[in-house]
Amino acid sequence: MDYRSEVGKPVIVLICGSLVYYHCEHRNSSLVSLVSDVLIVLLCSLAILGLLFRQMNISVPVDPLEWQISQDTANSIVAWLANTIGAAESVLRVAATGHDKRLFFKVVFCLYMLSALGRLVSGLTVAYAGLCLFCLYMLAENSQSISACLSRFLRRTNDLAEEDAAEQDTM
């Protein structure tokens, strides 16, 4: 049962991503239109469920208006965001000063490749492809048969790397 729920998560994310991609790319709608459509569907669904529960005299066990996140959770989210932005800013500052030439050329190369990719395809297509690859990665990591094959492959490449290192030490 636990295996099925772990495999179901990437599939659900992939389906939701496909719907977002279809809505924004093929219907030529904006992200604001997508959010408003989702909110309208949720509002109508909740209203119908509320009327149905009231008609059947069923009490709702959890009131969504009482949901709150703890102060620690909010602090950890803000701290993660600040650390991520700070790390990106420090990398770009070091690259911009030119003290580390190798980092400078890596940043320039990555930005150039992103620019070339942006000219070829839309940003939404790249985001959707990234989502698909992420879902495939999650699916492969949660699948027992694929994980066994990957572990054998990774063990083989690690063994080859150790053999190469041993040969270089003898030279």
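1. Contact here means heavy atoms within 4.5 Å. On that basis, among contacts in the protein chain between residues at least 6 apart in sequence, 52% join residues at least 24 apart.

2. This is a predicted model, in which local features need pLDDT of at least 70 and side-chain atom pairs count only at pLDDT 80 or more, while totals for chains, interfaces and linings use all residues. Residues are numbered from 1 along each chain as its sequence is written, and side-chain values use heavy atoms, with hydrogens and water left out.

3. The protein chain has six helices and zero strands, these being DSSP runs numbered from the N terminus (helices H or I, at least four residues; strands E, at least two). Along the sequence the pattern is α-α-α-α-α-α. Of the 171 residues in the protein chain, 9% are buried (buried is under 20% relative accessible area, exposed over 50%, partly exposed in between, with a 1.4 Å probe and protein chains only).

4. Helix 3 (residues 71-97) and helix 4 (residues 101-120) have axes that come within 8 Å and cross at roughly 110 degrees. Helix 3 is therefore roughly perpendicular to helix 4 (angles of 65 to 115 degrees count as roughly perpendicular, under 35 as roughly parallel, over 145 as roughly antiparallel and the rest as oblique). The axes are lines fitted to C-alpha atoms, for helices over the stretch in contact, and angles run from 0 to 180 degrees between N-to-C directions.

5. On the helix 3 side of this contact are Val91, Leu92, Val94 and Ala95, which meet Leu103, Phe104 and Val107 in helix 4. By class, the residues of the contact are seven nonpolar, no polar and no charged (Ala, Val, Leu, Ile, Met, Phe, Trp, Tyr, Cys and Pro count as nonpolar, Asp, Glu, Lys and Arg as charged, and the others, Gly among them, as polar).

6. Ser18 lies in helix 1 (residues 2-26) and is partly exposed, at 25% relative accessibility. Ser18 and Ala129 are 111 residues apart in sequence, with 9.9 Å from C-alpha to C-alpha.
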